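Look at the sequence and the model together. The paragraphs below go through a few of the helices in turn.

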Amino acid sequence: MTPRLVDIPVLETERLTLRAPQPSDFEVLAPFVMSDRATFIGGGPDKDIGHAWRILSVLCGHWHLRGFGVFVAVPKGTDRPIGSMGPWYPEPWPEKELSWTVWDEAAEGKGYATEAMIEIRRHAYADLGWDGAVSYIDAQNTRSVTLALRLGCGIDKEANGPHPDDVVYRHPTPAEVLA
């Protein structure tokens, strides 16, 4: 028997199902974590399979410890995950974050992350009761910067991120998003 994370909502968008992380996600997550595409999120070619396993474990454990966490995005009509996206607030993060990673390079540039994050931000504000959110992005991570801007985020020069290279992108308020 494989234990499952229970009581985690499943969110839907036009093209995606956003669900709890599960063991089978490792098949797609591990190659991403060990690639240069993951350098901005603590992965990279110098990482090994054990590091990738610990990342999946952290994604699952965050749900247990905080009662919320990142979802795994799966295009409807498939079983293949393309990334993880969602509410994120590990120690020692200064503020609650909306985070995203696209694991599958073939899924980049198709608008999946934007579509997922619009629904996830609605969920964080309407269902979790968040009164705001940020995204911490390395200044060199141009794809994530582009997504933050597409989501209506602005740079908050007064806020600090958990890492020295982070730029803090502040999301529109719940009143602006849920109106």
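**Helices and their packing**

The contact (heavy atoms within 4.5 Å) is made by Phe26, Leu29, Ala30 and Val33 of α1 and by Ile49, His51, Ala52, Trp53, Ile55 and Leu56 of α2. Nine of these residues are nonpolar, one is polar and none is charged; Ala, Val, Leu, Ile, Met, Phe, Trp, Tyr, Cys and Pro count as nonpolar, Asp, Glu, Lys and Arg as charged, and the others, Gly among them, as polar.

This is a predicted model, in which local features need pLDDT of at least 70 and side-chain atom pairs count only at pLDDT 80 or more, while totals for chains, interfaces and linings use all residues. Residues are numbered from 1 along each chain as its sequence is written, and side-chain values use heavy atoms, with hydrogens and water left out.

Helices here are DSSP runs of H or I with at least four residues, strands are runs of E with at least two, and both are numbered from the N terminus. In helix α4 (residues 142–150), Ser144, Val145, Leu147 and Ala148 are buried, meaning under 20% relative accessible area; exposed is over 50% and partly exposed lies in between (1.4 Å probe, protein chains only). Seen down the axis of α4, the buried residues fall within an arc of 160 degrees, so they line one face of the helix; the arc is that of the directions from the helix axis to the C-beta atoms. The face turned away from the buried side of α4 carries the exposed residues Thr142, Leu149 and Arg150.
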